Amino acid sequence: MTPHRGMRALFLATVAWAVAIVWLAPHPPMIDLPQHAGQVALLSQLLAGHSPWSHLVQPNLLTPYLGAFAPALPLSYVLPVATVLKILLSVAYLAFVWLGVALRRRFGADARLDWLCVPGFFGYAYEWGFLTFLLAAPIGLGLILTAERYAEKKSLAQGVAVAMLGVVLLWCHGLTFLFACGVGVALLWVRAQDWRERLISLWPYVVLGAAAIAMFIVLRRTAASFPIPPTVPAVNWHFGLRYEILAYSFGIRWSRWAALASLAFLVAPWLMGLRVDLRRAAAWPAFMVVGIILAFVPHFVFETTFAYQRFAMFLFPAYAWLFSSSGADHGARAAAWSGRVGVLLLVLACWSVQAVNTAKTWRFAEEAADFDAIAAAVEPGQRALSLVFDRGSDAGASYYTHYAVWYQAEHQGFVDFSFAWYSVLPVRFRPDALPKVNPDMAWHPERFDWKLHRGADYRYFFVRRKSELPADFFKGAECPPSMLLARGTWQVFERRDCSSAGAKR
């Protein structure tokens, strides 16, 4: 086997290892993923016409998230929801890497930099469980690739392809749509010869702009029919030098190993003897747009939290595209020790990131088994309230914030707090059935009040707390819930009828 083929086989094995990480735990360590799984379960039941919760929720098909959820629906009728989401995440990751490599070829960058496309998918957006953003990411790269071809040829067929793929992306994720369209317009701008050519060639983006405005108007009108106040503040800026964006390619928190991996990715191309070629104008727009987003976009905007942080997954692929394979001396320089050190640095950095992700996922799988056992032991199909006082996991971030919603996704129950509050989700509460448990309760369970939050609506109370629940926590209940099961840091309390301890609501 030649050295080139050997490195390519090593690269593919590393990508396969990354896919395996998705499957390592019964439920991946992703904060919001349980809520998305719960949405898939609810939507499949509602569309099949046999949902026990149709008096509480209804389909909301006019949403830009529909395109990301649509592939999950047919699979959810034959496979467990967790398996469905793992399949989609695996396919999205493979497509993300494949399209990153395709764009590297398109921009003429060095093939050894394909390693920079490997780890970013498992960074900030993955740990937070931004499912729709992750599934839309490869479509965004596909739109950039199509836009680059259109910018070069400017044919009617390529323009139609840009418009059609852009509409698909618009129905998957609005922020990714804006990012990819921004890169596409910039590509058109740098490749066009004069102002007239630029203006005439903009027509696919004019069509997409009109589609985005129309969707925005429809969504605003739909949201107005629900008595849910907007999140305040409307915009939340994060000022200052955002050095942590480098770590966001690998996770939520800044850490020493993330800093070292970032440094390795930054310096490796230079050690290989590669240089940035300023004359390759088409290679710059993606990196510039990503840089602008990471440096200047607000932390919170358009009812979306962590607006800029999630785009760190595109940073290192876009960085790789800047380096021209023709910019290196393939004679003595390619054979020099610094070039070999650069390649080795990339490989070791990728492996270190994946080793950390593997260990974290494995540890979380063992830790989360406590709740999985409890959810399987209680009666399915009941309404429950999640009271997670200790959201943090020894494996990493606050993975347990919404973890109890796996009971909804896998055992036909309904768990509050629910993402059905939010206007962009495909299942929403009926306007006359809004629960008193609002989004604030997900972060402040200590504010629970039996009467104010209608505790009598729930049969089960899933509690995660490292210390005992205060004796008067369910104060105001005619018959306070009693502990049914306990395992590890999880407890489940059951509300029983006063006249008959075994009666169900």
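Predicted model: local features only at pLDDT ≥ 70, side-chain atom pairs only at ≥ 80, totals over all residues.

Me: What makes strand β10 largely enclosed by the rest of the structure?

Reply: Buried means under 20% relative accessible area. Five of the five residues of β10 (residues 460-464) are buried, so the strand is largely enclosed. Tyr-460, Phe-462 and Arg-464 point one way and Phe-461 and Val-463 the other, and all are buried.

Me: How do you know that β10 pairs with strand β7 and strand β12?

Reply: Two strands pair if DSSP finds at least two bridges between them. β7 (residues 383-388) and β10 have five, in the parallel sense, with Leu-387 opposite Val-463. Five bridges also join β10 to β12 (residues 490-494), this time antiparallel, and Phe-461 stands opposite Phe-493 there. Both counts meet the cut-off of at least two, so both are called pairs.

Me: What makes the length of helix α7 agree with its residue count?

Reply: At 1.5 Å a residue, its 23 residues (131-153) should span 33 Å, and the end C-alpha atoms are 34 Å apart, so it agrees. The helix does bend by about 30 degrees at Ala-137, with Pro-138 following within four residues.

Me: Why is α7 called mostly covered?

Reply: Of its 23 residues, 19 are buried. Just after the helix, Lys-154 takes a positive phi of about 55 degrees.

Me: Which residues have the most contacts inside the largest nonpolar core?

Reply: Val-57, Phe-121, Phe-314 and Phe-462, in a core of 165 residues. Its largest share, 14 residues, comes from helix α5 (residues 81-106).

Note on methods:
Residues numbered from 1 in each chain as written. Heavy atoms only, no water. Core = buried A, V, L, I, M, F, W, Y, C linked by side-chain atoms within 4.5 Å. Buried < 20%, exposed > 50% of the residue type's maximum accessible area, 1.4 Å probe, protein only. Expected span 1.5 Å × (residues − 1). Bend = angle between axes of the 7 residues up to and from the residue.
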